[in-house]
Amino acid sequence: MTNSDFQPFLRALPKCEHHMHLEGALSPEVLFKLAAKNNITLPQDDSAFASPESLLARYRRFTSLDDFLHYYYIGMSALITSTDFEDLAWDYFQHASSDGVCHSEVFFDPQAHLSRGISYETVVSGFSRACKRAENELGVSSMLISCFLRHLPAKDCLSVFEQEDVQKRYADGTVQGVGLDSSELAFPPENFVDLYSRAKECGLKLTAHAGEEAPASYIATALKELKVQRIDHGIKLVEDVELMERVAKEGTMLTVCPLSNVVLRCVDTIRDVPVRKLLDKGVKFSINSDDPAYFGGYCLDNYVAVQEAFGLSVAEWESIVRAGIEGSWCGDERKGELLKCTREYKT
Ligand code: HPA
Ligand SMILES: [Zn+2]
């Protein structure tokens, strides 16, 4: 098969996405519309905010994770009503479905909204309506994961976690997991031991961004101290062969985001994303879009970029997709349905 023949094959695979920030689906065009509707003034001292086109052009010149995060937090300030959150997530699910994503475990950043006076219930009710609609109208199953912002004091993260309205949405199953995101290097995982031990007590699923910009030691600490079940990004794992062998043996999945890694300059090119090394060492990973409106590609674009860079075989793609299904946090029944779809594509 040539790479262009691969596109329909990659689209048809029953893909699971595990690393996608719903706020990262906010395109400049929608951002400008929402800002006008909600009377939000965008920064006047940054010419990038002159128009949606100039903002998009600025997104193509990110220099680092922190440079991106600056725009990401400004962007989400245009989200005010529950319907804004619902529309944003619904837009993502429609993209995901047309890419052939069948199951998606999506992040959101409660603290970035609470700090602007938007209630947790406003955010979660909007997102969860979109999740239900995606299930009913598109057949896309999903799960909400609340991410905590590691650049904020760990005690503030814990007190948000303990808020009554936040706990209520864990208890009723609307939000089922906890993640850790934002600026990485200066904010190591060990700062969040108390938060993760409380989340574990509550029976929540646990993941954390680690080894995106920071070294492999952050991955080791997230596994050991936070007891996470997955690692988000994790590309720096290949710098520690012993740890890589342990991660492979334990079957811990990495949620790799190739286009994000290039745009945020964690690697020079897609070829430098350690896809080949992870496959050869038997490390499980899924392929994800991270923040599609900021990084120029949804899930399928990431699959295609990997194929163009690595020329993987059909069998290798099937093993990646199978690992993604097995590493998902949906129930066994849903996993069984998705695995059945994989077998239907056996050539
Ligand atoms: O890739 C990311 N890394 C850290 N924080 C984030 N918040 C949105 N996307 C990211
Ligand atoms: Zn991310």
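Start at ligand 1 and select the residues around it: His21, Gly24, Leu65, Tyr72, Asp181, Ser182, His209, Glu212, Ser260, Asp290 and Asp291. Each has its C-beta atom, placed from the backbone, within 6 Å of the ligand. By class, this shell holds 2 nonpolar, 5 polar and 4 charged residues. Here Ala, Val, Leu, Ile, Met, Phe, Trp, Tyr, Cys and Pro count as nonpolar, Asp, Glu, Lys and Arg as charged, and the others, Gly among them, as polar.

Before you click on: this is a predicted model, where local features need pLDDT of at least 70, side-chain atom pairs count only at pLDDT 80 or more, and totals for chains, interfaces and linings use all residues. Residues are numbered from 1 along each chain as its sequence is written, while chains are lettered from A and ligands numbered from 1 in the order in which they are written.

Next, show the strands. An open sheet of 8 strands runs in the order β1-β2-β3-β4-β5-β6-β7-β8, with parallel pairing. (Strands are DSSP E runs of at least two residues, helices are H or I runs of at least four, and both are numbered from the N terminus; two strands pair if DSSP finds at least two bridges between them.) At the edges sit β1 (15–17) and β8 (285–287), each pairing on one side only.

Now pick β3 (residues 141–149), where 7 of the 9 residues are buried, meaning 20 or more other C-beta atoms lie within 10 Å of a residue's own, with C-beta atoms placed from the backbone. On one hand, 6 bridges tie β3 to β2 (residues 101–108); find Val106 and its bridge partner Leu144. On the other, 6 bridges link β3 to β4, and Phe148 has Leu180 as its bridge partner. Carry on from β4 (residues 175–181) to β5 (residues 205–210), joined by 2 bridges, and look for Val178 opposite Leu206.

Helix α11 (residues 216–225) is the next stop: its buried residues are Ala216, Tyr218, Ile219, Thr221, Ala222 and Leu223. Their cover includes β5, β6 (230–233) and α12 (241–250). Just past the helix, Lys227 has a positive phi of about 55 degrees.

Finish with α1 (residues 3–12) and α16 (residues 299–310), whose axes come within 10 Å and cross at roughly 145 degrees. (Axes are lines fitted to C-alpha atoms, for helices over the stretch in contact, and angles run from 0 to 180 degrees between N-to-C directions.) Select Asn3, Phe6, Gln7, Leu10 and Arg11 of α1 with Leu300, Tyr303, Val304, Gln307 and Glu308 of α16 to see the contact, which requires C-beta atoms, placed from the backbone, within 7 Å.

Technical notes: A residue is buried if 20 or more other C-beta atoms lie within 10 Å of its own, exposed if 12 or fewer, and partly exposed in between; C-beta atoms are placed from the backbone. Two residues are in contact if their C-beta atoms, placed from the backbone, lie within 7 Å.
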